[in-house]
Amino acid sequence: MSLLSRPMPLDQADGLRRLFGASRVRFIPVVSNPHVAFGGLMLERVCTAFSEAGVRTLVVDAAERAQAASEATLMDLAEGIEPLSTDVSYLSARGLPVRYVDTHGFTSGFLQALVTAAPNTQVVVVHAPAVDLCRMFSRRDPAHAVRADMRPLLLADENSESVTHAYAAMKLLTQRAGLQVHDLLLGSTRRTPRTDRIAAQLARCGEDFFGAVVRDWVWIDPTEHAAASAPPALRRWAQHWLDGATALASQAPLAIPPAVASNRQQATH
């Protein structure tokens with residue numbers, strides 16, 4: 001076919017809108033939290049849940065403590081993608097997103113580059129600080145105009161500093177990027193009334209002070225063996241992401257505190 005016969009994109013973001021609108025790839029923005037003791041292990045559990053759902057996952061680690069992108073990766077993203085298993089690949093990407101910044105300050109072009117570099121990936125987990133996620137996933141970016149289901153995943157544990165960091169990240173994502181609905185992954189070696197209170201308090205403060213919603217939260221034990229199956233609540237959360245907003249309609253609801261549950265109806269609008 002002649003190049004002249006190909007339809008030209010309507011604007012710079014047209015390719016991204018087509019990509020997201022077709023829902024060929026699910027992007028999961030995960031807020032990095034340097035105060036979480038087992039953040040890497042929590043990401044492993046998320047990958048396990050997607051693997052059990054039969055999808056291929058790429059973890060893009062652009063967090064504060066991630067390894068900086070190699071020189072080869074700077075030239076070709078595909079060169080930096082390391083297969084960890086048949087279902088999971090990994091990319092050290094600290095410092096990479098800002099290289100894709102456009103004239104409006106957005107870095108959503110980085111997401112298109114990831115899909116080009118890993119065309120067989122079905123889920124891309126982007127682990128990065130909240131300020132970087134704002135540039136990649138902002139609702140003010142025309143590329144994300146159709147992404148009604150976009151929800152950042154907050155990480156926290158029982159350490160008060162990790163909860164404070166998650167709260168600050170939720171505020172930044174809500175106010176700067178227009179991402180008002182969030183999920184929470186709370187890690188501790190055992191579930192106690194304290195873990196429920198932490199989730200409820202985070203949800204209540206977000207709603208009261210800047211109108212954010214914690215739609216779902218999941219407790220996990222990040223120290224479980226890597227080969228262990230994902231807990232049922234985490235599997236349901238992953239399936240929800242894969243199937244869209246109606247995925248939980250025929251399933252048992254997640255075990256969430258009343259303060260969080262009261263927000264679920266708002267989150268669907």
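Val31 stands opposite Leu154 in strand 6. The model in which this pair is found is a predicted one. Strand 1, which covers residues 26-31, pairs with strand 6 in the parallel sense over 2 bridges. Val31 also stands opposite Ala128 in strand 5. Strand 1 and strand 5 are parallel too, and their pairing has 6 bridges.

In general, the strands of a sheet pair through backbone hydrogen bonds, and they do so either parallel or antiparallel. Here 8 strands form an open sheet, in the order 3-4-2-5-1-6-7-8, and the pairing is mixed. Strand 3 (81-83) and strand 8 (213-220) are the edge strands, each of which pairs on one side only. Direction ignored, neighbouring strands of the sheet are turned by 25° against each other on average.

Strand 6 can now be followed in detail. Its residues are 153-157, and because 5 of the 5 are buried, the strand is largely enclosed by the rest of the structure. Buried here means under 20% relative accessible area. In a regular strand the side chains alternate between the two faces of the sheet. In strand 6, Leu153, Leu155 and Asp157 point one way, while Leu154 and Ala156 point the other way, and all are buried.

On to strand 7, residues 181-187. Strand 6 runs parallel to strand 7 and is joined to it by 5 bridges. Within this pairing, Asp157 has Gly187 of strand 7 as its bridge partner.

Helix 2 touches strand 1, strand 2, strand 4, strand 5, strand 6, strand 7 and strand 8, and its direction makes about 110° with that of strand 7. Helix 6 touches strand 1, strand 6, strand 7 and strand 8, and its direction makes about 165° with that of strand 6.

The last step is a contact between helices. Two packed helices are described by the angle between their axes and the distance between the axes. Helix 2 (residues 39-52) and helix 8 (residues 232-243) pack at an angle of about 65°, and their axes are 9 Å apart. The crossing of helix 2 past helix 8 is right-handed. On the side of helix 2, the contact is made by Arg45, Val46, Ala49, Phe50 and Glu52. Helix 8 contributes Leu234, Arg235, Trp237, Ala238, Trp241 and Leu242. Sorted by class, the contact of helix 2 with helix 8 has 8 nonpolar residues, 3 charged residues and no polar ones.

How values were computed
Residues are numbered from 1 along each chain as its sequence is written. This is a predicted model: local features need pLDDT of at least 70, side-chain atom pairs count only at pLDDT 80 or more; totals for chains, interfaces and linings use all residues. Side-chain values use heavy atoms; hydrogens and water are left out. Two strands pair if DSSP finds at least two bridges between them. Helices (H or I, at least four residues) and strands (E, at least two) are DSSP runs, numbered from the N terminus. Axes are lines fitted to C-alpha atoms, for helices over the stretch in contact, and angles run from 0 to 180 degrees between N-to-C directions. A crossing is left-handed if the near helix is turned anticlockwise from the far one by less than a right angle, and right-handed if clockwise. Contact means heavy atoms within 4.5 Å. Ala, Val, Leu, Ile, Met, Phe, Trp, Tyr, Cys and Pro count as nonpolar, Asp, Glu, Lys and Arg as charged, and the others, Gly among them, as polar. Buried means under 20% relative accessible area, exposed over 50%, partly exposed in between (1.4 Å probe, protein chains only).
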